[in-house]
Amino acid sequence: MGVDLRQVVAGILTITMFVMLGQMLHRDYFDAVQVQGDAHDIVFHGSKVSLEEDGLVRSSEGPWMENSHQLKPCWSLSQPDEEVSSKGYVTFSLTNGPEYHISQITDAVMVAKHLGATLVLPDIRGSKPGDEMNFEDVYDVDKLVKSLESVVKVVKKLPSHVSLRDIAIVKVPSRVAEDYIKEHIDPIFKSKGNIRVTTYFPSVNLRKSSLDGETDPVSCLAMFGSLELQPGVSDLVESMIQRLKKSDGRFIAIDLRVEILEKKNCHETGGMGSKTCYNAQEIALFLRKLGFGSDTTIYLTQPRWESSLNILKDIFPKTFTKEAIMPADKKSKYLELENSEYENVIDFYISSRSDVFVPAIPGLFYANTVGKRIALGKPQVLVPAEISGSSGLSTDYISPYISKKNHLAYSCFC
């Protein structure tokens, strides 16, 4: 029987299209919208760099990307002619780690601003009952107060004449808007005089939306200009980053936590059977196929070393968790307490400043880390996937938040 060459070619093209479609659907699931990065915007760093015919830069050391210029805030706030007035108090707590803190403080500031209320400095609460810290244990109080002085008045605690029984608890959706505040929260505030705000998350996605309209400058300021680590924690993070950079000046941060990988939702699949989470072996293969060498330094957000991570260290020997790179005199305060808030903060800020960030699991940690990286001019965020061949181009796996410029941060920076 003769073989029609046109049918063979058509069959190959069909199979290729299905493979490409599967990869696209995987990245859609992980980050809602995914397109491949624009190669002409990418600059790689390393020895023996060459520009191939397809316009991509290649390096024998790995597809390292130069930082882009640090963006500047696009928002502007008019200075009030007189001191910001107040008609009552808004209280709240920071919970569940720094990736949630950013959203929680943004929503609280938005509510206080549009109600004309005074904002009470929050406490910080961990995942376990009794895990409580003061705001100043982690963040810079003076920075917060000064950054918001043209927007809302901030006080350290409620005055003694305000009873907790007089405070109404109000749930607000993340990224709360002025219209929602006026319709749903203002009537309660006028009735009670004081409220306690708790943020819930209908979605952990931080994409810009055409329905959002123009981003509120108060929201931009609160999200990107109000929270800063207090000096002691900031110095610790800086010392750990410098230890990671000591070998060759660059490192990859990977958000990979075994406890989360073992949860049911990490075993589910998205469109075309694509994965939602990636274990140590899968991440190791992903990085090797992209061209990262065995001498690459890697930081893991995993709290303590576990045997399931050994495969990653076999392929990349310079792989560390925080316990291996934290100065010995700091471990009693930051690692040996049952409260894990310090560890979460360290992970978040190291991941925000690494040369490359790889989220092995989707979620708000990924979304808010990307936001900080955009502001810092650190665009190399690689969303993992199963690469069918022996190698892949890192530009195909740049986070759509960056390649598509659809992260909320792009509404606030330019």
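In this predicted model, residues P98, E99, H101 and I102 of helix α2 are in contact with E341, N344, V345 and F348 of helix α13. By residue class, the contact of α2 with α13 holds four nonpolar, two polar and two charged residues. Helix α2 spans residues 98–115 and helix α13 spans residues 341–353; their axes come within 9 Å and cross at roughly 85 degrees. Because an angle from 65 to 115 degrees counts as roughly perpendicular, α2 is roughly perpendicular to α13.

**Aromatic pairs**

F348, one of the α13 residues in that contact, also takes part in a ring pair with Y349. Over the whole structure, a search finds 11 aromatic pairs. Two of them, F135 with Y139 and F348 with Y349, are set out below.

| Pair | Centre to centre | Angle between planes | Geometry |
|---|---|---|---|
| F135 and Y139 | 5.4 Å | 35 degrees | tilted |
| F348 and Y349 | 5.3 Å | 80 degrees | edge-to-face |

The F348 and Y349 pair counts as edge-to-face because its planes are 80 degrees apart and the cut-off for that class is over 60 degrees. F135 is buried, at 1% relative accessibility, and Y139 is buried at 1% as well. F348 has a relative accessibility of 0% and counts as buried. Y349, at 10%, counts as buried too, since the limit for that class is under 20%. Ring pairs also join F348 and Y349 with F357 and F365 in a cluster.

**Disulfides**

How many disulfides does the model contain? The count comes to two.

C74 lies in the loop between β4 (64–65) and β5 (89–91), and C414 in the segment after α15 (400–403), so the bond ties together parts that are 340 residues apart in sequence. C74 is partly exposed at 35% relative accessibility, while C414 is exposed, with a relative accessible area of 55%.

The other disulfide is formed by C220 and C412, whose sulfur atoms are 2.0 Å apart. C220 sits in helix α6 (residues 217–225) and C412 in the segment after α15, so this pair connects parts 192 residues apart in sequence. The torsion about the S-S bond of C220 and C412 is about -75 degrees, so the disulfide is left-handed. Is C220 buried or exposed? C220 is buried at 2% relative accessibility, and C412 is buried with a relative accessible area of 1%.

**Positive phi angles**

Most residues other than glycine have a negative phi. N96 is not a glycine, yet its phi is positive, near 70 degrees. N96 lies in the loop between β6 (93–95) and α2. Its relative accessible area is 45%, and N96 is partly exposed.

K405 is not a glycine either, and has a positive phi of about 55 degrees. Where does K405 lie? K405 lies in the segment after α15, where C412 is also found. K405 is partly exposed, at 47% relative accessibility; the value stays in that class because exposed means over 50%.

Note on methods
Residues numbered from 1 in each chain as written. Predicted model: local features only at pLDDT ≥ 70, side-chain atom pairs only at ≥ 80, totals over all residues. Heavy atoms only, no water. Disulfide = S-S within 2.5 Å. Helix = DSSP H or I, 4+ residues; strand = E, 2+ residues; numbered from the N terminus. Buried < 20%, exposed > 50% of the residue type's maximum accessible area, 1.4 Å probe, protein only. Axes fitted to C-alpha atoms, helices over the stretch in contact; angles between N-to-C directions. Parallel < 35°, antiparallel > 145°, perpendicular 65-115°, else oblique. Contact = heavy atoms within 4.5 Å. Nonpolar A, V, L, I, M, F, W, Y, C, P; charged D, E, K, R; others polar. Phe/Tyr/Trp six-rings, centres within 6.5 Å; stacked < 30°, edge-to-face > 60°.
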